[in-house]
Amino acid sequence: MEKFDKLRQIAKRHQDRRILDLFENDTRMQQFTCRADEMLFDFSKTNLDAEGLTALLGLAQSAGVEARLDAMFAGEKINETEGRAVLHTALRNLSGDPVRVDGQDVMPGVLGTLAAMENFADALREGRIQGQGGAIRDVINIGIGGSDLGPAMACRALSPYADGPRTHFVANVDGADITDTLRLCEPETTLIIVASKTFTTIETITNAETALRWMKSKVSKPGKQFAALSSSVEKTSEFGIPADQVFGFEDWVGGRYSVWGPIGLSLMIAIGPQNFRAFLQGGAAMDRHFRNAPLSENMPVLLALVGLWHHQICGYATRAVLPYDQRLARLPAYFQQLEMESNGKSVSMSGAGLDIAAGPIVWGEPGTNGQHAFYQLIHQGRQIVPCEFMVGAEGHEADLGHHQDLLLANCLAQSEALMTGRSLEVARARMASTGLIGDELERQARHRVFAGNRPSTTLIYPRLTPFVLGQVIALYEHRVFVEGVIMGINSFDQWGVELGKELATALGPLVRGEADASDKDPSTRALLAYIHTARQTTS
């Protein structure tokens, strides 16, 4: 894209510059950090300088980020390929200020659904809604994609606040997933939540039907121990779920943005409505920051610009999300879907093909586990992987403060090591001190060289609370939005998931041996033949 040419020229001029040298400027920490409430984003350990940052901010300005932002919050149909508004932000708008779609205020409906969820969650937690065997002790959320990743990630992240029934999550259509989960629960004291907007998602409905058979084996009125997160009242009624246990949401809430509403019911049941509202308040606080802060002080904008600098300008193919918080173990997967399903596109809003790779490959694991797995490649591999660290200044375990100190020390040490590295001279001196000489000294020293000059950012917050988790998720949501606006793509559709689903439906009869596979490609025919032979052999 021509709009990136100036930035690529800047990057090329400084590609051999050491990041560490940029700290000779006394104002760097002021210019390359950003605050939102008590959260700090530090992007000083990147090869961005004032010239590059100014050019990036100019790019955001010329792309119309601010106007597009206003259009989103105003309920305009910025998801143009599907003709939909994009209003997951309305789900955390606890002020109730009007938000209009096609001239109608959606907030009464949003707040009404939230109140119904709270009444249901309170009744379940307090034992006023029970199973056939007494109080509900386990809740199983059956969904897939955003209907699973969001609540599963958030329930784990906020486990210190969980004082309700145990929560479990089933997503994969692999029978092992539902079998292993049901084994942990008793039908008489379990609530099943089925999360599917249309109530037709094949993986979710297949798992739900299996759960229903399991429930029927011990419960006389199984439908009463089901809830649905769906807009299809007719289909949920056919399934046997009472109407007052069905919580719907509109088509202006995309799946990967839906944890703020009914899809978050399992989280609300686990941590309680009050803590769930704190989660919403954290998201709303980031929304206000995003809408009101100038671009140069706007955390989602700056996070997006750093991502664009690394991927579109410098050409780094992947991005590692590295939370130094074990309870955020599912966050990299959550952000993987958020980024790759939103911006993994090859066509612009106009329908023209892109001449850039729009979305990076996002991956990661919590620290310090990753240090003993893939950090070897990050530090000494040939490819450069920008790293996004995040950590809390304090943990929840007051009596284990030394653990948190060690965790923080490791997090800070990794970002420092990525930037500073270790020269051959230093490595040689270290090995010489062990008594090595000659060729063996040189050989061993070279194995201990770290190139350094590898970029990273750090997001640090006081402690992982419901409010802070809300801030973090909303921060990354808006980051993806800004990236999409600048690249000129629609971040809110996901047509890439459709073809495989269509083919899977057609392949079902072929897998079961009920249809002829002669029109399939040779590889698929051979794999089907193997399946049929293997099943005959093992039956």
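Leaving aside neighbours within four places in sequence, Glu339 is in contact with Arg319, Gly344, Pro360, Val362, Arg479, Val480 and Glu483. This is a predicted model, and Glu339 is placed there in helix H13, residues 331-343. Salt bridges with shared partners join Glu339 to Arg319, Glu388, Arg479 and Glu483 in one network.

- Glu339 counts as buried because its relative accessibility is 4%, which is under the 20% cut-off.

**The salt-bridge network**

- Side chains of opposite charge can pair when their charged atoms come close.
- The model has 27 salt bridges.
- Glu483 forms a salt bridge with Arg319, and the closest N and O atoms of this pair are 3.1 Å apart.
- This pair links distant parts of the chain, with Glu483 in helix H18 and Arg319 in strand S12 (residues 318-324), 164 residues apart.
- Both Glu483 and Arg319 are buried.
- Glu483 also pairs with Arg479 in a salt bridge whose closest N and O atoms are 2.9 Å apart.
- Arg479 and Glu483 are four residues apart in helix H18, so about one helical turn separates them.
- Arg479 is buried, as is Glu483.
- The network formed through shared partners consists of Arg319, Glu339, Glu388, Arg479 and Glu483.

**A salt bridge between Arg84 and Glu82**

- Arg84 and Glu82 form a salt bridge, with 3.7 Å between the closest N and O atoms.
- Arg84 counts as partly exposed because its relative accessibility is 28%, a value between the cut-offs of 20% and 50%.
- Glu82 is likewise partly exposed, with a relative accessible area of 24%.

**Packing of H11 against H18**

- Two packed helices are described by the angle between their axes and the distance between the axes.
- The axes of helix H11 (residues 273-292) and helix H18 (residues 466-487) come within 7 Å, crossing at roughly 40°.
- The crossing of H11 and H18 is right-handed.
- On the H11 side, the contact is made by Asn275, Ala278, Phe279, Gln281, Gly282, Gly283, Ala285, Met286, Asp287 and Phe290.
- H18 contributes Pro466, Phe467, Leu469, Gly470, Gln471, Ile473, Ala474, Leu475, His478, Phe481 and Val482 to the contact.
- By class, 13 nonpolar, seven polar and one charged residues make up the contact of H11 with H18.

**Packing of H1 against H3**

- Helix H1 (residues 5-13) and helix H3 (residues 50-62) have axes that come within 10 Å and cross at roughly 165°.
- H1 and H3 are therefore roughly antiparallel to each other, as the angle of roughly 165° is over the cut-off of 145 degrees.
- H1 and H3 cross in a left-handed sense.
- The residues making the contact are Lys6, Leu7, Ile10 and Arg13 of H1, together with Glu51, Gly52, Ala55, Leu56 and Leu59 of H3.
- The contact of H1 with H3 comprises five nonpolar, one polar and three charged residues.

**Backbone features in loops**

- Gly367 and Thr368 are joined by a cis peptide bond, with omega about 10°.
- Thr368 is in the loop between strand S13 (361-363) and helix H14 (375-380).
- Asp37 is a residue other than glycine with a positive phi, near 55°.
- The loop between strand S1 (33-36) and strand S2 (39-42) holds Asp37.
- Asp37 is exposed because its relative accessible area is 53%, over the 50% cut-off.
- Asp102, a residue other than glycine, has a positive phi near 55°.
- Asp102 lies in the loop between strand S3 (100-101) and strand S4 (104-105).
- With a relative accessible area of 63%, Asp102 is exposed.

How values were computed. Residues are numbered from 1 along each chain as its sequence is written. This is a predicted model: local features need pLDDT of at least 70, side-chain atom pairs count only at pLDDT 80 or more; totals for chains, interfaces and linings use all residues. Side-chain values use heavy atoms; hydrogens and water are left out. Axes are lines fitted to C-alpha atoms, for helices over the stretch in contact, and angles run from 0 to 180 degrees between N-to-C directions. Helices (H or I, at least four residues) and strands (E, at least two) are DSSP runs, numbered from the N terminus. A crossing is left-handed if the near helix is turned anticlockwise from the far one by less than a right angle, and right-handed if clockwise. Contact means heavy atoms within 4.5 Å. Ala, Val, Leu, Ile, Met, Phe, Trp, Tyr, Cys and Pro count as nonpolar, Asp, Glu, Lys and Arg as charged, and the others, Gly among them, as polar. Buried means under 20% relative accessible area, exposed over 50%, partly exposed in between (1.4 Å probe, protein chains only). A salt bridge is a side-chain nitrogen of Lys or Arg within 4 Å of a carboxyl oxygen of Asp or Glu. Angles under 35 degrees count as roughly parallel, over 145 as roughly antiparallel, 65 to 115 as roughly perpendicular and the rest as oblique.
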